[in-house]
Amino acid sequence: MVAAKVGILGGTFDPIHFGHLRPALDVAEQLTLDHIRLIPSAVPPHRAPPQATAQQRVTMLQLAIKNNDRFVVDDRELHREGPSYTVDTLMSLRQQFPESPLYLLLGTDAFVEIQTWHNWTQLIELSHIVVMQRANETLTMSDELTGWYQQHLAVDADQEQLAGAVWPVDVTQLAISATEIRENMSKGLSVKFLMPDAVINLIEMLGLYSSRS
Ligand code: ATP
């Protein structure tokens, strides 16, 4: 049997929204990935701590992907001490899926910052890197990253490999951010059609992100 092709989307997911889910599904379809693992981070190394607790973020993810078997919630980073480094997560996934091509999905905003990540050059030894971009988007990268990107750019044969290539993939553009959602909620504005209704219902039930919480 051919090993499953596994996609990985890490983030704070504070909260999860359609700007995460639709582009991830676009990638799964275009690269024929068997499933995408949504991996919430415990202590994000690059940003302020999330407002929702780890358990609340996991519950929101579970509600968001209910009845959609292409997505899996993976809480491995929540069981580790210290900062959530992606390189450690990829090592753990590589052990769990030794035969599988792994695909780390990044939005362009995350990709152009990749050189600031812990042991960033190891990432591509452990998985492929998918850059979720707009059609015909020009990435603004440092000279070093531009050279690295061109050196690793995927050619068709790479899909047989377990890791090692950069895959730019055009995805549906949804200018939704968790920051905007939290701001809207704190002002009492509607967030309908920005994320699944089940997630909105839970947020309202818990009083999350409102000015009263
Ligand atoms: P925040 O506004 O709190 O920074 P966010 O909405 O950007 O959050 P994250 O959890 O930080 O969400 O993002 C996780 C991953 O999803 C990152 O790789 C990010 O680039 C990507 N991503 C987030 N929003 C979008 C979007 N609207 N379209 C494509 N990719 C996205």
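This is a predicted model: local features need pLDDT of at least 70, side-chain atom pairs count only at pLDDT 80 or more; totals for chains, interfaces and linings use all residues.
**Notebook: the ligand and its pocket**

I started with the shell around the ligand: 20 residues, with His-17, Asp-109, Leu-174, Ala-178 and Thr-179 coming nearest.

Then I looked up which elements supply at least two shell residues each: strand S1 (6-11), helix H1 (18-30), strand S4 (102-107), helix H4 (108-111) and helix H7 (178-186).

**Polar atoms at the ligand**

Which backbone atoms did I find by the ligand's oxygens? Ala-178 has a backbone N or O atom 2.8 Å from a ligand oxygen, and for Phe-13 a backbone N or O atom lies 3.2 Å from one. I also checked Arg-182, where an N or O atom of the side chain is 3.1 Å from an oxygen atom of the ligand. How much of the ligand gets covered? On its own the ligand exposes 600 Å², and the protein buries 84% of that.

**The pocket**

I looked up where the ligand sits, and the place is the largest pocket. I wanted a volume too, and the largest pocket holds about 1,300 Å³ of space. Its lining runs to 48 residues, and Gly-10, Gly-11, Gly-107, Asp-109 and Ala-110 are the ones nearest the centre. Elements giving two or more residues to that lining are S1, H1, helix H3 (86-96), S4, H4, strand S5 (128-133) and H7. By class I get 21 nonpolar, 19 polar and 8 charged residues in the lining.

Last, I went through the loop between S1 and H1, where Phe-13 lies. Phe-13 has a positive phi, near 50°, and is not a glycine. This is the Phe-13 whose backbone N or O atom I had listed at 3.2 Å from a ligand oxygen. I flagged both entries because most residues other than glycine have a negative phi and most peptide bonds are trans.

Key. Residues are numbered from 1 along each chain as its sequence is written. Side-chain values use heavy atoms; hydrogens and water are left out. A residue is near a molecule or strand if one of its heavy atoms lies within 4 Å of it. A polar contact is a pair of N or O atoms within 3.5 Å; within protein, one must be able to donate a hydrogen and the other to accept it, and residues adjacent in sequence count only if both atoms are side-chain atoms. Accessible areas come from the Shrake-Rupley method with a 1.4 Å probe; for residues, only the protein chains shown count as cover. On a 1 Å grid over the protein atoms alone, a cavity is a set of points where a 1.4 Å probe fits but cannot get out, and a pocket is an open set with protein on both sides within 12 Å along at least five of seven lines; lining residues have an atom within 4 Å of a point. A molecule sits in a cavity or pocket if more than half of its atoms lie within 2 Å of its grid points. Helices (H or I, at least four residues) and strands (E, at least two) are DSSP runs, numbered from the N terminus. Grid points are joined across faces, edges and corners, and a volume is the space filled by probe spheres set on the points. Ala, Val, Leu, Ile, Met, Phe, Trp, Tyr, Cys and Pro count as nonpolar, Asp, Glu, Lys and Arg as charged, and the others, Gly among them, as polar.
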